[in-house]
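Hello,

Here is the structure I promised to pass on. Please open it next to this note, which lists what turned up.

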Amino acid sequence: DVRALLDGYVKLIWKEVLGVDVPTPLPQITYAEAMEKYGIDRPDLRFGLPLTDCTALMRDRVDFVVFKNALAAGGIVKALYIPDGKAFSRKDLDKSFPA
């Protein structure tokens, strides 16, 4: 099994170079799950910030033209939930999540 072999190499390299014991098997998600939960095929899973589908909430309740047009065209609206987000200013968020 190629995946098990690669996991073993990663484990060995981390142990030999940094002295860190990496648990195996390494976590993995499918392409479909990555796109659905994170909107990208190579998500950074360190922060645990999946997208939340807000389509049902926004339908017929929002005046924001971008959302209205997306929904009218059969699209979806998703948002990034940030725990304790009220504690961050827009400036803080822009620094933490650059475009």
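Phe-67 is partly exposed, at a relative accessible area of 26%. In these terms, buried is under 20% relative accessible area, exposed is over 50%, and partly exposed is in between (1.4 Å probe, protein chains only). Phe-64 is also partly exposed, at 46%.

Before going further, the ground rules. This is a predicted model, with local features needing pLDDT of at least 70 and side-chain atom pairs counting only at pLDDT 80 or more, while totals for chains, interfaces and linings use all residues. Residues are numbered from 1 along each chain as its sequence is written, and side-chain values use heavy atoms, leaving out hydrogens and water.

Back to the two rings. Rings of Phe, Tyr and Trp (its six-membered ring) pair if their centres lie within 6.5 Å; planes under 30 degrees apart are stacked, over 60 edge-to-face, and the rest tilted. The count by this rule is one aromatic pair. Phe-64 and Phe-67 form it, edge-to-face, with 4.8 Å from centre to centre and 90° between the planes.

The chain as a whole

How many helices and strands does the chain have? There are five helices and two strands. Both are DSSP runs numbered from the N terminus: helices are H or I with at least four residues, strands are E with at least two. The order from the N terminus is α-α-β-α-α-β-α. The chain is more spread out than a compact globule, because its radius of gyration is 19 Å, well over the 13 Å that the globule rule gives for 99 residues. That radius is taken over C-alpha atoms, and the rule is 2.2 Å times the number of residues to the power 0.38. Along its principal axes, the C-alpha trace spans about 55 × 35 × 20 Å.

Of the 99 residues, 9% count as buried. The chain exposes about 8300 Å², and carbon and sulfur atoms supply 61% of that. Those areas come from the Shrake-Rupley method with a 1.4 Å probe; for residues, only the protein chains shown count as cover. Among contacts (heavy atoms within 4.5 Å) between residues at least 6 apart in sequence, 34% join residues at least 24 apart.

Charges: the mean positions of the 14 positive and 14 negative ones are 5 Å apart. Lys and Arg are positive, Asp and Glu negative; His and the chain ends are not counted. Each charge is placed at NZ of Lys, CZ of Arg, CG of Asp or CD of Glu.

Helix α1 covers residues 2-18, and Leu-5 lies in it. Leu-5 is partly exposed, at 48%. From Leu-5 to Asp-21 is 16 residues in sequence and 16 Å in space, C-alpha to C-alpha.

Is Asp-7 buried or exposed? Asp-7 is buried, with a relative accessible area of 5%. Leaving out residues up to four places away in sequence, Asp-7 touches Thr-24, Pro-25 and Leu-26.

Now look at that loop. A cis peptide bond joins Thr-24 and Pro-25, with omega about 5°. Thr-24 is partly exposed, at 39%. Not counting residues up to four places away, Thr-24 touches Asp-7 and Lys-11. Thr-24 and Lys-91 are 67 residues apart along the chain, and their C-alpha atoms are separated by 39 Å.

Cys-54 lies in the loop between β1 (51-53) and α3. Cys-54 is buried, at 10% relative accessibility. Which residues does Cys-54 contact, leaving aside neighbours within four places in sequence? They are Val-77, Lys-78 and Ala-79. Cys-54 and Ala-79 are 25 residues apart along the chain, with 6.7 Å between their C-alpha atoms.

Asp-60 is in the loop between α3 (55-58) and α4 (65-72). Its phi is positive, near 65°. Most residues other than glycine have a negative phi, and most peptide bonds are trans. Asp-60 is exposed, at 79%.

Ala-70 is in helix α4 and is partly exposed, at 26%. Ala-70 and Thr-55 are 15 residues apart in sequence and 9.8 Å apart, C-alpha to C-alpha.

Best wishes
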